Amino acid sequence: MAGLNAEYRDNSLLTRPQSLVAIHVVAVLFGATGIFGAVIEANAAVITWGRAVFAVLTLVLVGGALGERGFKQVFAQAHGWALFGSGAMLALHWVSFFISVKLGGIAVATLGFASFPAFITLIEWGILRERIQRVEWVRLFVVSLGLLLITPSFDLHDIATEGLLWGLLSGASFGVLAVMNRRVLSGVNAFHVAGLQNVVVCVLLTPWVFSELRTVSVNDWYLIAALGVICTGVAHLLFVSSLRCLPARTAGLVVASEPLYAIGFAWILFAEVPSARTLVGAVMMVGAIFSASLAVHRAKH
């Protein structure tokens with residue numbers, strides 16, 4: 001969920017077995033994001049701003065230790081508008097996701113976000129005019145059917161349904177972000193891109209959260225720091241490091257299990273027991289995502 005450019009590789013920090021473990025840890029950390037959104041009492045904009053601040057600090061410190069340099073060159077390579085636009089999509093993705101968590105619960109929010117592959121398909125077909133294969137339309141249909149199954153009700157006044165709609169907005173904005181990363185930012189150092197995108201998030205949200213920062217409790221700041229450092233900065237470092245040994249689609253195949261971890265965490269920690277209909281919808285959606293990632297992985301080999 002960090003707006004990553006999955007094509008960057010450099011000298012490997014991890015061996016291949018370590019990379020496989022690392023990518024599973026990343027999926028767990030991404031799945032835990034909803035837990036933080038549920039327990040932090042601050043609003044979604046404050047959580048997002050704080051997350052981005054601590055993520056930037058983590059990436060700068062770790063990047064400096066690893067010799068990551070050349071942020072100015074990123075602007076020359078990627079164009080300022082692309083970084084700003086992708087950073088704006090990252091901000092919208094995070095804010096809408098945390099609103100979804102607070103309104104609809106962790107499972108609904110995570111599954112709403114998990115619709116992003118469907119939005120990528122629609123963007124590539126409707127806007128970029130790319131040819132979409134029949135099997136991809138089938139996957140889109142399966143994801144849509146899964147969304148219908150997890151919808152709490154079809155009453156827009158139902159707060160859980162409103163939460164799902166925010167989750168869908170989170171998935172749609174992440175879909176735009178993913179397409180921008182692939183089409184415009186591909187080949188640019190992902191470590192630098194992630195850092196600058198988080199800077200954009202901070203800049204855009206500062207006017208909205210400035211007056212509220214003093215009201216955030218100390219406990220919430222600890223949790224926001226953990227979210228930014230562990231689930232964003234460290235998760236990104238592990239993700240990028242694992243991609244130096246693993247094919248991007250293999251990593252994507254593992255990270256696609258994020259909704260399952262999120263639902264499991266919510267079930268264990270908050271007794272958010274999903275209904276049978278929600279579980280069926282979740283299996284359909286996650287199955288479609290796994291299927292797409294596995295198909296591309298097999299095609300590459």
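The following legends describe close-up views of a predicted model. Local features require pLDDT of at least 70 and side-chain atom pairs pLDDT 80 or more, whereas totals for chains, interfaces and linings use all residues. Residues are numbered from 1 along each chain as its sequence is written, and side-chain values use heavy atoms, with hydrogens and water left out.

**Figure 1. Overall make-up of the chain.** The chain has 13 helices and zero strands; helices (H or I, at least four residues) and strands (E, at least two) are DSSP runs numbered from the N terminus. Of the 301 residues, 51% are buried, where buried means under 20% relative accessible area, exposed over 50%, and partly exposed in between (1.4 Å probe, protein chains only). The accessible surface comes to about 13600 Å², and carbon and sulfur atoms account for 68% of that surface; accessible areas come from the Shrake-Rupley method with a 1.4 Å probe, and for residues only the protein chains shown count as cover.

Figure 2. G34 lies in helix α1 (residues 16–39) and counts as buried because its relative accessibility is 1%. Leaving aside neighbours within four places in sequence, G34 is in contact (heavy atoms within 4.5 Å) with F97, V101 and I106. A distance of 9.9 Å separates the C-alpha atoms of G34 and L227, which are 193 residues apart along the chain.

Figure 3. S100 belongs to helix α4 (residues 80–104) and, at 0% relative accessibility, counts as buried. Apart from neighbours within four places in sequence, the residues in contact with S100 are G105, A109, G163, L164, W166 and G167.

**Figure 4. Packing of helices α5 and α12.** The axes of α5 (residues 106–113) and α12 come within 9 Å and cross at roughly 175 degrees, so α5 is roughly antiparallel to α12. Residues I106, A107, T110, L111 and F113 of α5 make the contact with E258, P259, A262, I263, A266 and F270 of α12. Axes are lines fitted to C-alpha atoms, for helices over the stretch in contact, and angles run from 0 to 180 degrees between N-to-C directions. Angles under 35 degrees count as roughly parallel, over 145 as roughly antiparallel, 65 to 115 as roughly perpendicular and the rest as oblique.

**Figure 5. A nonpolar surface patch.** V39, W267, I268, L269, F270, V273 and L279 form a nonpolar surface patch of about 660 Å². Helix α12 (residues 258–270) gives the most to the patch, with four residues. L279 is found in helix α13 (residues 276–300) and, at 33% relative accessibility, counts as partly exposed.

Key. Patch = residues over 30% accessible without salt bridge, like charges linked within 9 Å, V, L, I, M, F, W, Y side chains within 5 Å. Salt bridge = Lys/Arg side-chain N within 4 Å of Asp/Glu carboxyl O.
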